[in-house]
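Subject: Structure for you to look at

Dear colleague,

I am handing over the structure below, and I would be glad if you could read the notes that follow with it open beside them.

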Amino acid sequence: MSTVQQPDPRDRPARLTVGVVGAGRVGPALAAALRLAGHRPVAVSAVSDASRRRAAELLPDVAVVPPAEVLQRSDLVLLTVPDDTLPGLVEGLAETGAVRPGQLLVHTSGRYGAGVLDPATRAGALPLALHPAMTFTGTAVDVQRLAGCSFGVTAPDELRLAAEALVIEMGGEPEWIAEQNRPLYHAALALGANHLVTLVAQSMELLRTAGVTAPDRMLGPLLGAALDNALRSGDAALTGPVARGDAGTVAAHVTELRKHAPQTVAGYLAMARATADRALAGGLLKPELAEDLLGVLADEAESYGAEGDAP
């Protein structure tokens, strides 16, 4: 084991000044990670009280200034705003002359590639799309979670190495995503992560209704094992009444959901049908059992649709 003492990142000279436009949950965390890598955050824009608090917690002593001034002060600018806001923000910054030639302009949207930065690129900016595939809390724990986090990276070929180097400095793992594949990439992440939260929250509510006092404790080991198995084995990890073809159990589930949580029925039926299709294609669901199961799902969906259309 080496006995050579590693230098503290804070003792290294800063290589880039870093600014953040949009102090939501993502931007301050990324800037804090870049600070640990030796860069120097110098400016952040924040409007709401919540964003100002995040900036103060994660980027203490960093000036809170308008977006144009963030660009004026920074070599590297993180544009961490909602997807629908990003195109207008970039156009506005370019039109007002805020963009400086040679300035690294990074957005963190999963939906967009580097093309959304074209107005700034024409003004001389160097465009990078670096999307962390991670959920953020807006607290210091986010910086730790970046260790080993995959980033969807899109940039012009000549900037690819620079983009990947920044991701590595933040503790992440770069994954190259072609410009035309960004919407599909983002849809895949939303399908897995965002919908998972909805499913887990619904499951906890139903368990409470069933009398379970600690649904989080009950679900934790089960969901952890299911996620691990799914990541390792894909469709082969499917279990439960749908994969087994237990049509009667599925029908009983729907009856109870209609009674206690009718708002969950549509989602249950849609996921059960998707699960049945995958289990059948993968050879897990026997064809002779699939017919009854799919019939139940079709009947329940038709019945639910009729109820939903009723005045």
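**Strand β4 and its neighbours**

Val-21 has Leu-79 of β4 as its bridge partner. Please bear in mind that this is a predicted model, in which local features need pLDDT of at least 70 and side-chain atom pairs count only at pLDDT 80 or more, while totals for chains, interfaces and linings use all residues. Residues are numbered from 1 along each chain as its sequence is written, and side-chain values use heavy atoms, with hydrogens and water left out.

Strands and helices here are DSSP runs numbered from the N terminus, with at least two residues (E) for a strand and at least four (H or I) for a helix. β1 and β4 run parallel and are joined by 4 bridges, and 4 bridges also join β4 to β5, again in parallel, with Leu-76 standing opposite Leu-104 in β5. β5 is in turn joined to β6 by 4 bridges, and these two strands run parallel; here His-107 has Ala-129 of β6 as its bridge partner.

Taken as a whole, the 8 strands form an open sheet of mixed pairing, in the order β3-β2-β1-β4-β5-β6-β7-β8, where two strands count as paired if DSSP finds at least two bridges between them. β3 (63-64) and β8 are the edge strands, each of which pairs on one side only.

Leaving aside neighbours within four places in sequence, Leu-78 is in contact (heavy atoms within 4.5 Å) with residues including Val-18, Val-20, Leu-30, Leu-34 and Val-106.

**Helix α4**

The buried residues of α4 (residues 86-95) are Leu-86, Leu-89, Val-90 and Leu-93. They cover an arc of only 95° around the axis, which puts them on the same side of α4; the arc is taken from the directions from the helix axis to the C-beta atoms. Among what covers these buried residues are β1, α3 (67-73), β4, β5 and α5 (118-122). After α4 comes Gly-97, whose phi is positive, near 80°.

Pro-174 lies in strand β8 (residues 173-176) and is partly exposed, with a relative accessible area of 26%. Beyond its neighbours within four places in sequence, Pro-174 is in contact with Phe-151, Val-153, Glu-164, Val-167 and Ile-168.

Arg-160 lies over the face of Trp-176, at 4.1 Å from the ring centre; the criterion is that NZ of Lys or CZ of Arg is within 6 Å of the ring centre and within 35 degrees of the ring normal.

Definitions and conventions: Buried < 20%, exposed > 50% of the residue type's maximum accessible area, 1.4 Å probe, protein only.
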